[in-house]
Amino acid sequence: SMRCIYVGSNSFISGFRLTNGQTASSGDLTNEQSGGGAWCEPGGSISNCIVTHNFTGAFFSGLGGGVYGGSIWNSLVTSNSAYYGAGVAAATVFNSLLFSNTVKTSGSDAGGGAYNSTVSNCVVCKNGWDGSGGGVYNCELINCIISGNSAGYFGGGASHSTLTDCKVFNNTALVGGGLESSMAYNCVVFSNIANSTGGGIAGGTNFNCTV
């Protein structure tokens, strides 16, 4: 198992295709089991890259199949896999597309596109599979489009997240097709589906939103 790249503190990578990286299946969760495509130290930055078909090696652990940590700019993160944050985890993402990333197994997995991250001016589309937060889980989203994501349990678009000026549509889940247990400001939530409860929104608090 070998991740594609390690980005040191205050270092920068631009214009690369990072593919077929894999983390270890054992050892320290953060340092060895996370970041299949790239692992970034604080201040590390990725720009204008394609991060695709990377994954975490452990079946029931691992964060950030595509990227763990750092900041990501103007990039495509697609077709990556992990237990938490199939696309990215613990990262700050700007002007990027998180597309078709999938969590590895069913149950408590979370965050198809992003996990525990800040996502700004991005499109989060067609991520998920099972678990919770098909699009994102435990994230802050600003001016994003969250569409076509799915979760087997809670929050097809987003779960346990905070959203500002976002559009959330065409997402599906068992509970909370669009949003679940989240806080939304000035958002538009439409055309989402829940197979049980809360087609648009389940739980959470919403201010000045259209549902």
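This is a predicted model: local features need pLDDT of at least 70, side-chain atom pairs count only at pLDDT 80 or more; totals for chains, interfaces and linings use all residues.
Me: In the open sheet of nine strands, which are the edge strands?
Reply: The nine strands follow the order E2-E5-E8-E12-E16-E19-E22-E26-E30, with parallel pairing. An edge strand pairs on one side only. The edge strands here are strand E2 (12–14) and strand E30 (205–207).

Me: Which residue in E19 is the bridge partner of Thr118?
Reply: Strand E16 covers residues 118–120 and strand E19 covers residues 140–142. The two pair in the parallel sense over three bridges. In E19, the partner of Thr118 is Glu140.

Me: Which residue in E17 stands opposite Phe99?
Reply: Strand E13 (residues 97–99) runs parallel to E17, and three bridges join them. Strand E17 spans residues 123–125. The residue opposite Phe99 is Cys125.

Me: Which residues make the nonpolar surface patch of about 260 Å²?
Reply: Patch residues need over 30% relative accessible area. Val123, in strand E17, has 31% and therefore counts as partly exposed. The patch is made by Leu97, Phe99, Val123 and Ile145.

Me: How many aromatic pairs does a search of the whole structure find, and why is the pair of Trp73 and Phe94 stacked?
Reply: The search finds nine aromatic pairs. For Trp73 and Phe94, the ring centres are 4.0 Å apart. Planes under 30 degrees apart count as stacked, and this pair is stacked because its planes are at 20°.

Me: How many residues apart in sequence are the parts tied together by Trp73 and Phe94?
Reply: Trp73 is partly exposed at 34% relative accessible area, and Phe94 is partly exposed at 23%. Trp73 lies in strand E8 (residues 71–73), while Phe94 lies in strand E12 (residues 92–94). The pair therefore ties together parts whose separation in sequence is 21 residues.

Me: Is the aromatic pair of Tyr153 and Phe154 stacked, edge-to-face or tilted?
Reply: Tyr153 is partly exposed, with a relative accessible area of 34%, and Phe154 is partly exposed with 35%. Their ring centres are 6.4 Å apart and the planes make an angle of 35°. Stacked requires under 30 degrees and edge-to-face over 60, so the pair is tilted.

Me: Which residues form one aromatic cluster?
Reply: Aromatic rings pair if their centres lie within 6.5 Å. One cluster is formed by Tyr83, Tyr84, Tyr115 and Tyr137.

Me: What value is phi of Lys126 near?
Reply: Lys126 is in the loop between E17 and strand E18 (136–137). With a relative accessible area of 51%, Lys126 is exposed. Its phi is positive, in a residue other than glycine, and near 60°.

Me: What value is phi of Asp165 near?
Reply: Asp165 belongs to the loop between strand E22 (162–164) and strand E23 (167–169). Asp165 is partly exposed, at 40% relative accessible area. Phi of this non-glycine residue is positive, near 55°.

Conventions. Residues are numbered from 1 along each chain as its sequence is written. Side-chain values use heavy atoms; hydrogens and water are left out. Patches are made of residues with over 30% relative accessible area and no salt bridge: like charges are joined within 9 Å, nonpolar side chains (Val, Leu, Ile, Met, Phe, Trp, Tyr) within 5 Å. Accessible areas come from the Shrake-Rupley method with a 1.4 Å probe; for residues, only the protein chains shown count as cover. A salt bridge is a side-chain nitrogen of Lys or Arg within 4 Å of a carboxyl oxygen of Asp or Glu. Helices (H or I, at least four residues) and strands (E, at least two) are DSSP runs, numbered from the N terminus. Buried means under 20% relative accessible area, exposed over 50%, partly exposed in between (1.4 Å probe, protein chains only). Two strands pair if DSSP finds at least two bridges between them. Rings of Phe, Tyr and Trp (its six-membered ring) pair if their centres lie within 6.5 Å; planes under 30 degrees apart count as stacked, over 60 as edge-to-face and the rest as tilted.
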